[in-house]
Amino acid sequence: MKKIQLSNGLCVAPAALGAMNFGTTTSKEDAYRVLDAYMDMGGNFIDTSNNYAHWAGTGDESELLLGEWLRERRCRDRVVLATKVGFDRHGRGAGLKKEQIEYWIDESLRKLGTDHVDLYYAHTDDMSTPIEETMEAFHALVKKGKVRCLGGSNYDTWRFAEANTVANMKELTPYTVMQQKFTYLYPRSDVAPKYTFNETASRERLRFLRDKSIPLVAYSCLAKGGYEKDERLPADLIGGERLAFLREMAREKGVNPSALAVAWMVNLYRCEGFPRVIPLFSSSRVEHFLDNLRGVELELTDAELELLNRA
Ligand SMILES: NC(=O)c1ccc[n+]([C@@H]2O[C@H](COP(=O)([O-])OP(=O)(O)OC[C@H]3O[C@@H](n4cnc5c(N)ncnc54)[C@H](OP(=O)(O)O)[C@@H]3O)[C@@H](O)[C@H]2O)c1
């Protein structure tokens with residue numbers, strides 16, 4: 001896989017692997033299969049969080065499993081490792097106060113068995129903590145070498161911009177990566193999102209990122225398996241003709257629809273108004289994962305991209 005520039009000299013694969021369910025609903029054996037296959041295919045960009053997956057366990061499982069895998073495979077120096085802070089873990093841990101950031105980075109480093117993470121995200125905004133406090137605390141981690149670059153996830157665009165304005169004014173490290181929900185299908189506007197923080201990236205958000213040259217790491221980009229099976233499609237996405245068109249083009253190109261959705265995202269930067277999009281996906285089944293990863297190398301002509309955009 002040809003690598004792309006992420007930030008601060010970091011080069012990553014065009015598609016990232018999500019470890020959210022590893023160690024909870026995805027067994028250790030299945031997680032290792034997917035991790036090994038991703039690395040064998042030339043992948044290097046792995047995503048976790050300090051709270052994955054607390055709804056199915058304690059919230060330590062994903063980082064602990066990754067730490068073990070990195071140690072056993074001796075591949076820490078070949079991985080661009082991203083983790084996050086700021087969300088709840090069974091009623092504790094939510095927030096981006098200085099002491100929370102300082103506490104959770106050390107917890108993450110301990111569990112991951114490493115002395116630094118390459119990308120540290122604010123997992124979601126914390127409106128009750130001054131932005132200065134958050135950005136100063138993150139900057140201190142960069143200065144100490146515990147973190148190489150910063151990202152913001154589940155932020156409103158204006159709050160993300162405000163955080164970076166504060167960072168720039170105070171000569172602190174800004175967010176240079178955004179992680180947000182995004183996929184090929186449009187969200188239904190007549191269904192209130194379950195949580196306000198995880199709205200699907202809007203066209204306006206994409207234009208903002210393009211203008212600032214900030215890559216979008218796109219989560220839930222496979223619509224939870226909905227490209228393959230109607231019954232898996234989340235209720236807040238519109239399937240309809242756009243989904244039918246994607247499935248038909250995928251059939252013609254001899255790939256599965258999820259792989260074509262991945263290819264569309266990987267190539268979107270070629271179109272006006274779109275940033276670099278890095279699809280972030282996962283699977284409990286290595287054969288699904290490898291089918292979907294084929295999208296990274298799939299060639300799309302300008303005409304095909306245009307047709308997909310207009311469908
Ligand atoms: N920043 C945030 O707030 C946030 C939120 C959510 C997720 N994330 C990150 O994004 C990563 C991926 O997110 P996600 O799990 O929400 O979404 P996703 O990648 O859109 O969906 C994964 C689901 O798709 C299914 N799937 C994939 N290929 C399939 C196929 N060929 N046939 C049938 N089903 C298929 C998988 O089922 P199988 O296991 O059966 O293959 C799995 O249940 C996470 O691991 C995490 O790192 C971040």
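Here are a few exercises on this predicted model, each with a worked solution.

Residues are numbered from 1 along each chain as its sequence is written. Because the model is predicted, local features need pLDDT of at least 70 and side-chain atom pairs count only at pLDDT 80 or more, while totals for chains, interfaces and linings use all residues.

**Exercise 1. Which class of residue, nonpolar, polar or charged, has which count in the shell around the ligand?**

Start with who is there. The ligand has 29 residues around it, and Gly18, Met20, Leu222, Gly225 and Ser284 come nearest (a residue is near a molecule if its C-beta atom, placed from the backbone, lies within 6 Å of it).

Next, sort the shell by class: 8 nonpolar, 14 polar and 7 charged residues. Here Ala, Val, Leu, Ile, Met, Phe, Trp, Tyr, Cys and Pro count as nonpolar, Asp, Glu, Lys and Arg as charged, and the others, Gly among them, as polar.

Finally, look at the elements. Strand S10 (277-281) and helix H9 (286-293) each supply at least two shell residues, and H9 gives the most, with 3. (Helices, H or I with at least four residues, and strands, E with at least two, are DSSP runs numbered from the N terminus.)

**Exercise 2. What angle do H7 and H8 make when they pack?**

H7 (240-253) and H8 (residues 257-267) pack at about 100 degrees, with axes 8 Å apart. That makes H7 roughly perpendicular to H8.

H7 brings Leu246, Arg247, Met249, Ala250 and Lys253 to the contact, and H8 brings Pro257, Ala259, Leu260 and Ala261. By class, that's 7 nonpolar, no polar and 2 charged residues.

**Exercise 3. Where do Ser213 and Ser220 lie, and what is the phi of Ser213 and of Ser220?**

Most residues other than glycine have a negative phi, and most peptide bonds are trans.

Take Ser213: phi is near 55 degrees, a positive value. Ser213 sits in the loop between helix H6 (203-212) and strand S9 (216-219). With 11 other C-beta atoms within 10 Å, Ser213 is exposed (12 or fewer is exposed, 20 or more buried, and in between partly exposed; C-beta atoms are placed from the backbone).

Then Ser220: phi is near 50 degrees, again positive. Ser220 is in the loop between S9 and H7, and is partly exposed, with 18 other C-beta atoms within 10 Å.

**Exercise 4. Which residues does a cis peptide bond join?**

That's Tyr52 and Ala53, with omega about -15 degrees. Ala53 lies in the loop between strand S4 (45-47) and helix H2 (61-73).

Note on methods:
Axes are lines fitted to C-alpha atoms, for helices over the stretch in contact, and angles run from 0 to 180 degrees between N-to-C directions. Angles under 35 degrees count as roughly parallel, over 145 as roughly antiparallel, 65 to 115 as roughly perpendicular and the rest as oblique. Two residues are in contact if their C-beta atoms, placed from the backbone, lie within 7 Å.
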